[in-house]
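Let's take a walk through a protein model, one piece at a time. Keep the picture open beside you and find each part as it comes up.

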Amino acid sequence: MPKISDIIEVPPVKTVIELATVRDSEGESAEQLTELLETFVVTDDIEKNLSVVLDRVANHPDAGMGFFLTGNFGSGKSHFLSVLSLLLQHPWAWKHITSQCQGLSQYGEKLRERKFLVVQVPLLEYRKTDPLEDIFWNSVEDTLASSKHRIFEPMAQSSYFIQQFEKYIMPAHSREVNNFIQGKLSAKYTWQGLRQESVEDAILFAQEFLKLNATGIPFRLTLPRQKTWDKLMALLKEHQFAGVVVLMDELSEFLRSKPDTRALNEDTRFLQFLGEKSIHSPVWIMGALQEAIERTGDISQATFNKIKDRYQRNLELSARHIRELIDRRLIRKKGPEAISAIKAAYRVLKNGFAHLKISEDEFIQIYPVHPETLELLDVNTTFFSQRRGVVDFIHYQIKGDPIRHIEGIMDEDSVQLLTPDRIFDHFSFRIREMVNISAYYQIYRDYFEKRIPRIFDDEQDQKYALKLIKILML
């Protein structure tokens, strides 16, 4: 009987893609960007999602829209956002996508020559206490000031405050401000020194100084939300941008981490604001979520209802997408003889389990992953994390990883498959640290691992009994 390694090979794959890679890359021909495009697989889900978004951008140039893209950790949401970002910034990127799906070329023809301000917001980089509104305007300001655009305009409240403070307060009160700072800290500090060391601290000291010494200022040192938006729209027109595309990664994780309901509702209200403004502006917003927006926290019903109306929420990377990804990216079959061997393995499986509802073609597509493994992965998504998701599980559980003490299945006989019990092993660290299910892990370790060898004499029986216990727990 052939081994699995005789039938398939597991190509190298980057199991974690980060949106920050695209944001921080310099130059249009960077190797990392090309690799992102070359390893991107246009599955049916990807084609549908790209078509929906690109159609809106290409054919409704004056009316934006909000989109939510849902999918489990490791399903490819960050990769999707990264590729979308590249398509809207670099004409050369399109050839990597249209070579897989000719139907998308119609959008490339319309969008290649249009200049977009593409704002990437990887939310895992920010603290849970950071307001989404501040993150958004800081990201817009940083993108404008990047080497690609070199437009230096304060958009964030902190930048605007500093600009106004230095324009109107410092010329007349520099001595008082420096004396105030030195009285609070030490004689070595001045306004300029403090600002260079920490903008946040400089703003706090400036606000305290104003509160104590300058109550009669006849103007605001902060910019209202609507005026900031109007300023952005004017900049788009002045610098001939076709619009703004905002890509927010890990949005659901960020919202779920909010310290209290008030902070959560402030952030969702800002999402509502963006959605409302985008309808009448060339602004397209996409947020990537692990689950539906309504399940990310205690969002007020009124705010949620308004978000529902302003964001398209039917974009997802489903289990079907994962099956295509296995077939076209994660596993390579070694020619016609390999397919014959997989068909033979299918007949063995069907003879043993006649009720199994999977066709031969579907089995070939996902081999050597057991169909029930994909089913149980789909209902145990709480185990997934930024570093350990679906792709990481499939890649390393098949190939193996000595560093993480994962024994792969490549040396197994061809009829052996990646079975669901390995989900328990792969995510055991997550299972034992999660308060609501850690007891199951302890029961397995403290009771079943010790008890099973007493019940069954045969080592093979012991092995399968432990597998069954893991599957029952999953």
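Start with helix α12, which runs over residues 225–238. This helix has 14 residues and reaches 20 Å from its first C-alpha to its last, close to the 20 Å expected at 1.5 Å a residue. Bear in mind as you look that this is a predicted model.

Which residues of α12 are buried? They are T228, W229, K231, L232, M233, L235 and L236. An α-helix has 3.6 residues a turn, so residues three or four places apart point the same way. As for what lies over these buried residues of α12, the cover includes the strands β3 (116–122), β4 and β5, along with the helices α8 (132–145), α9 (157–184) and α14 (261–278). Just after α12, you'll come to Q240, which takes a positive phi of about 60°.

Two of those covering strands turn up again at a hole inside the protein. The structure holds one cavity of 30 Å³ or more, and the volume of this largest cavity is about 40 Å³. The elements that give two or more residues to its lining are α4 (44–59), β4 (243–249) and β5 (283–289). β5 gives the most, with three residues. If you want to find the spot, look for V53, V57, F67, L84, L88, V245, L247, W284, I285 and M286, which line the cavity. What classes of residue make up this lining? There are ten nonpolar residues, no polar ones and no charged ones.

In soluble globular proteins, nonpolar side chains tend to be buried together. Here, the largest nonpolar core has 52 residues, and the members that touch the most others are I8, I326, F363, Y367, F383, I394 and I398. Helix α17 (residues 335–352) supplies the largest share of this core, six residues. Zoom in on I326: leaving out residues up to four places away in sequence, I326 touches I331, Q365, I366, Y367, V369, L374 and I394. There's also a second, separate core of 40 residues, which includes F80, L87, V118 and V245.

The largest pocket holds about 1,200 Å³ of space. It is lined by 39 residues, and the closest to its centre are Q416, L417, T419, D421 and K467. α17, α20 (390–399), α21 (421–426) and α24 each supply at least two residues of this lining, and α24 gives the most, with eight. By class, the lining divides into 16 nonpolar, ten polar and 13 charged residues.

While you're at α24 (residues 459–473), look for K470, which lies in this helix. Is K470 buried or exposed? Its relative accessibility is 10%, so K470 counts as buried. Beyond its neighbours within four places in sequence, K470 is in contact with D421, F424, D425 and Y444. One of these, D421, is among the residues closest to the centre of the largest pocket.

Last stop: the second largest pocket, with about 800 Å³ of space. It is lined by 34 residues, of which N72, L377, D378, T381 and F384 lie nearest its centre. α13 (251–256), α16 (319–330), α18 (360–366) and α19 (371–379) each supply at least two of the lining residues, with α19 giving the most, six residues. This lining has 13 nonpolar, nine polar and twelve charged residues.

Key
Residues numbered from 1 in each chain as written. Predicted model: local features only at pLDDT ≥ 70, side-chain atom pairs only at ≥ 80, totals over all residues. Heavy atoms only, no water. 1 Å grid on protein atoms, 1.4 Å probe; cavity = no way out; pocket = protein on both sides within 12 Å on 5 of 7 lines; lining within 4 Å. Points joined across faces, edges and corners; volume = space filled by probe spheres on them. Helix = DSSP H or I, 4+ residues; strand = E, 2+ residues; numbered from the N terminus. Nonpolar A, V, L, I, M, F, W, Y, C, P; charged D, E, K, R; others polar. Core = buried A, V, L, I, M, F, W, Y, C linked by side-chain atoms within 4.5 Å. Buried < 20%, exposed > 50% of the residue type's maximum accessible area, 1.4 Å probe, protein only. Contact = heavy atoms within 4.5 Å. Expected span 1.5 Å × (residues − 1).
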